Amino acid sequence: MATFAPHTRFLLHLHHSRLHPHAYQFRNVPSIYRAQHTHTHTPRTPTRLKLPPTLSLFVAVSGLIYYAATLHISPQPKTLNPQTFTVYTLTSKTPVATSPISHTTIFSLRPVHPPDQQLPFGEGILSVQIKQPQLQIARSYTPLPNAGDGEGEEDGALRFLVKREPGGEMTRYLFSLGLEDKVFLRGPMVEYIFPPAGEVDKTLFIAGGTGIAPALQLAANSPSQKTEIFWAVRNKAETEGAMAEGVERLIRKTKGKVSVKVFVDAEGGIGVRDVERGMEGGKVAVVVSGPEGFIKWVAGEKVWKDGREEQGKLGGVVRRVLEKRGGEVSVFKL
């Protein structure tokens, strides 16, 4: 185990994705969907007009010409929004480690048109969808906190931690992109709303692999008095290089509010006693992120119900700790 030592409101409609944690016991912030007003209008009965054959042909041909001329110039939205995809440019691809070569890379994307306002990172953990245009599929990714060098704070640049997955169509597409290639994003989606200041004494975030991205986003923006991150990885190289720099920079910036402990599988990984210690300290909110198997091991698996992914029952290590010592805790699985 290794230890790292030491708003602008978004005015567009936000999409909220299953925000509420399982209550053991926890009240999350009420939904912030914006109300939309619908106006109805009953049209008059249309009047049929008969046009001469020559004029009808002229109108039809003119319509076809206009359609052909405008087919390829449909306007693209200039600002990131949850309804349509917006154009970004790939500006850099930074491997987490070069020796040994890492299969995890930080992708930096900059919007073609600078945004009018910044994303509402103070609301909660945000994700955006990236589109694979050939297969017409999209996957959600969580932006990393700003690098601290000014990048992304004004120009709307976003950074994503992506691991190349064998057989993964989306990651194969992303890793095939070259610098200055266009990438299409949609969002943001609010995955988890931060509890109000003072509602919890500490947030314990247990992250597996690239699940560290939402953990760092929470640590950088949550009003929680203290955030403790347990980061489980298979290979220690995943925590070095650019990622180590980012983590250490965040710890310095938060002035002791955030701590990060790394657990390597080959060295024993996260144990029950580690989680038990992490859940000490008053009112604790536990957030879990990572591969499905990791989430199941830590806090029980998520389930599908009526076409939606639900939190499922509490299980795993967190349940064993509660059964042993008693008490209450809020748990949310990303």
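Colleague: Which residues are exposed on the other side of H4?

Modeller: Before any case, note that this is a predicted model, in which local features need pLDDT of at least 70 and side-chain atom pairs count only at pLDDT 80 or more, while totals for chains, interfaces and linings use all residues. Residues are numbered from 1 along each chain as its sequence is written, and side-chain values use heavy atoms, with hydrogens and water left out. As for terms, exposed means over 50% relative accessible area, buried under 20%, and partly exposed in between, for a 1.4 Å probe and protein chains only; helices (H or I, at least four residues) and strands (E, at least two) are DSSP runs numbered from the N terminus. In this model, Arg252 and Lys253 are the exposed residues on the other side of H4.

Colleague: Which residues of H4 are buried, and why do they count as being on the same side of H4?

Modeller: The arc to read is that of the directions from the helix axis to the C-beta atoms. Met243, Ala244, Val247, Leu250, Ile251 and Thr254 are the buried residues of H4, and because they cover an arc of only 130° around the axis, they lie on the same side of the helix.

Colleague: What span does H4 reach, and what span is expected?

Modeller: The expected span is 1.5 Å times one less than the number of residues. H4 (residues 241–254) has 14 residues and reaches 20 Å from its first C-alpha to its last, close to the expected 20 Å. Lysine 255 follows H4 and has a positive phi, near 55°.

Colleague: Where else is phi positive in a residue other than glycine?

Modeller: Most residues other than glycine have a negative phi, and most peptide bonds are trans. Glutamate 180, with phi near 75°, lies in the loop between H2 and S8 and counts as exposed at 52% relative accessibility. Aspartate 306, with phi near 55°, sits in the loop between strand S13 (303–305) and strand S14 (308–310) and is also exposed, with a relative accessible area of 74%.

Colleague: Which peptide bond is cis?

Modeller: The bond from glycine 187 to proline 188 is cis, with omega near 5°, and proline 188 lies in strand S8.

Colleague: How do helices H6 and H7 cross?

Modeller: Axes are lines fitted to C-alpha atoms, for helices over the stretch in contact, and angles run from 0 to 180 degrees between N-to-C directions; angles under 35 degrees count as roughly parallel, over 145 as roughly antiparallel, 65 to 115 as roughly perpendicular and the rest as oblique. The axes of H6 (residues 292–299) and H7 (residues 316–325) come within 2 Å and cross at roughly 5°, which means that H6 is roughly parallel to H7.

Colleague: Which residues of H6 and H7 meet?

Modeller: Contact means heavy atoms within 4.5 Å. Lys296, Trp297, Val298 and Ala299 in H6 meet Gly316, Val317 and Val318 in H7.

Colleague: What is covering the buried side of H7?

Modeller: The buried residues of H7 are Val317, Val318, Val321 and Leu322, and because their arc around the axis is only 135°, they are on the same side of H7. Among the elements covering them are helix H5 (272–278), strand S12 (284–289), H6 and strand S15 (330–333). The face turned away from that buried side carries exposed Glu323 and Lys324, and glycine 326, with a positive phi near 75°, follows H7.

Colleague: What does isoleucine 295 touch?

Modeller: Isoleucine 295 is found in H6 and counts as buried at 4% relative accessibility. Not counting residues up to four places away in sequence, isoleucine 295 touches Val288, Ser289, Gly290, Gly300, Lys333 and Leu334. Leucine 334 is 39 residues away from isoleucine 295 in sequence, yet 8.4 Å away in space, C-alpha to C-alpha.

Colleague: Is proline 143 buried or exposed?

Modeller: Proline 143, in the loop between S6 and S7, is buried, with a relative accessible area of 1%. Leaving aside neighbours within four places in sequence, the contacts of proline 143 are Phe121, Leu126, Ser127, Leu158, Arg159, Phe160, Ala213 and Gln217. The C-alpha atoms of proline 143 and leucine 126 are separated by 7.3 Å, although these residues are 17 apart along the chain.
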